[in-house]
Amino acid sequence: MVKKISSSKKSISFLLPGSGKYPSGGYKVVYEQANRLSEAGYDVNIVYPVHTFIQRVTIRNVLGMARRYFKGFMGSQFKARWFDLNKEIHEMKVFSLKYHNMPKTEYYCATSLETSYYLNAYKIPCRNKIYYIQGYETWNVPEPYATNSYKFDMKKIAIAPYIVEKVESVGCKPFFIPNGFDFNAFGLDSPIEERNPHTAMMMYSTNDDIKRCSDMIAAFNKVKEDVVDLKVLVFGVSVRPKNLPDFFEYYRLPSKKLLRKLYNSVAVFVAASRTEGFALPPGEAFICGCALCCTDIGGFGVYAVEGKTALTSPVYDIGKLAENIAFLLTHSDVRIRLAKAGNELMKQFTWEKAFEKFMRVIEE
């Protein structure tokens, strides 16, 4: 139980970059911290804008913005019904994140690149501004927008060592707070040694440029040529993708209980992203006893140590990814060793530790 604050009630507003309608790792991290702040006695607001201004000018982005305008004005579903937020937390929708639209609170926390630009413009003391940096966000904007945001005069939190290095490269010093994991929702139920060794799992996303799901599918097709009884479980937000082969089982928006069961039913988890902040699914899979094959990127590097907890491959290298998957599926001794090492490593990433550090950053 989080200790209540004995002094007068404090308040904070989290600036999200869009609707909370669908599950998102970055949003999940914010909601976890928000819940604990609420339990600690804070008055917590989560603010969703109809739009944010920073995007590459492409036909796709312009059309996407038009759709968001329409849905933002007409739609009523913007709250995070998929996450169990404390009832005392206020979720609200605004046209934009400009200061005059915001609830007036003591602290404000930007949770993405776009929201940091809005927060930087607020005429409030810099000690009351927090920038929760959850990734090197260059996918929608030119690179200078990211590094420029690291120079803003506000407290900065980085969730992974490679992000710490990015911020330090521009002469600033962030606080390092790795993500926590819910060890009540996820755990080791099925003995690692007793699992079907020819089973694997992945998460599907429609954002293939970042998540590289097409690379994973191609790698699994290669593996299937030699491991003929290969079975792959997939979960995601969208309807079943048309490009999934028949030997893939797809689960749309699984509950926490079902997701835990799926993790516990497979031997290997695979992730091939081009970039991540601090990805949650591979960590959840570790907690549930899976071995890990993933790309060699900073967002996995917090827990994916080549040869010690995981087998890694270069981004876009489908051949090497397939080779690593096949190796773990056919070498149970290595797979079991890596899975146990990863499971042990994850025990340090608790939400209690992450929240304690977060509170110190806010109140120092």
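Okay, some ground rules. Residues are numbered from 1 along each chain as its sequence is written, and side-chain values use heavy atoms, with hydrogens and water left out. Since we're looking at a prediction, local features need pLDDT of at least 70, side-chain atom pairs count only at pLDDT 80 or more, and totals for chains, interfaces and linings use all residues.

So how confident is the predictor? pLDDT is its confidence in each residue, from 0 to 100. The chain's mean pLDDT is 91, and 91% of the residues reach 70 or more. Over residues 1-7, though, pLDDT stays under 50, and the model has 12 contacts there beyond four places in sequence; contact means heavy atoms within 4.5 Å.

Now the helices, which are DSSP runs of H or I, at least four residues, numbered from the N terminus. Take α1 (residues 25-39) and α13 (residues 351-363): they pack at about 75°, axes 10 Å apart. That makes α1 roughly perpendicular to α13, a label for angles of 65 to 115 degrees. The axes are lines fitted to C-alpha atoms over the stretch in contact, and angles run from 0 to 180 degrees between N-to-C directions. On the α1 side you'll find V29, E32, Q33, R36 and L37, meeting residues of α13 including W351, F355 and F358. By class, this contact has eight nonpolar, one polar and three charged residues. Here Ala, Val, Leu, Ile, Met, Phe, Trp, Tyr, Cys and Pro are nonpolar, Asp, Glu, Lys and Arg charged, and the others, Gly among them, polar.

Next pair: α11 (residues 318-330) and α12 (residues 332-345) have axes that come within 5 Å and cross at roughly 100°. So α11 is roughly perpendicular to α12. F327, L328 and T330 of α11 meet S332, V334, R335 and L338 of α12.

Last stop, cavities. A cavity is a set of points on a 1 Å grid over the protein atoms alone, where a 1.4 Å probe fits but cannot get out; lining residues have an atom within 4 Å of a point. Points are joined across faces, edges and corners, and volume is the space filled by probe spheres set on them. How many cavities of 30 Å³ or more are there? The search finds two. The largest has about 50 Å³, and its lining includes E32 and W351, both also in the contact between α1 and α13.

Notes:
Helix = DSSP H or I, 4+ residues; strand = E, 2+ residues; numbered from the N terminus. Parallel < 35°, antiparallel > 145°, perpendicular 65-115°, else oblique. pLDDT = per-residue confidence, 0-100. 1 Å grid on protein atoms, 1.4 Å probe; cavity = no way out; pocket = protein on both sides within 12 Å on 5 of 7 lines; lining within 4 Å.
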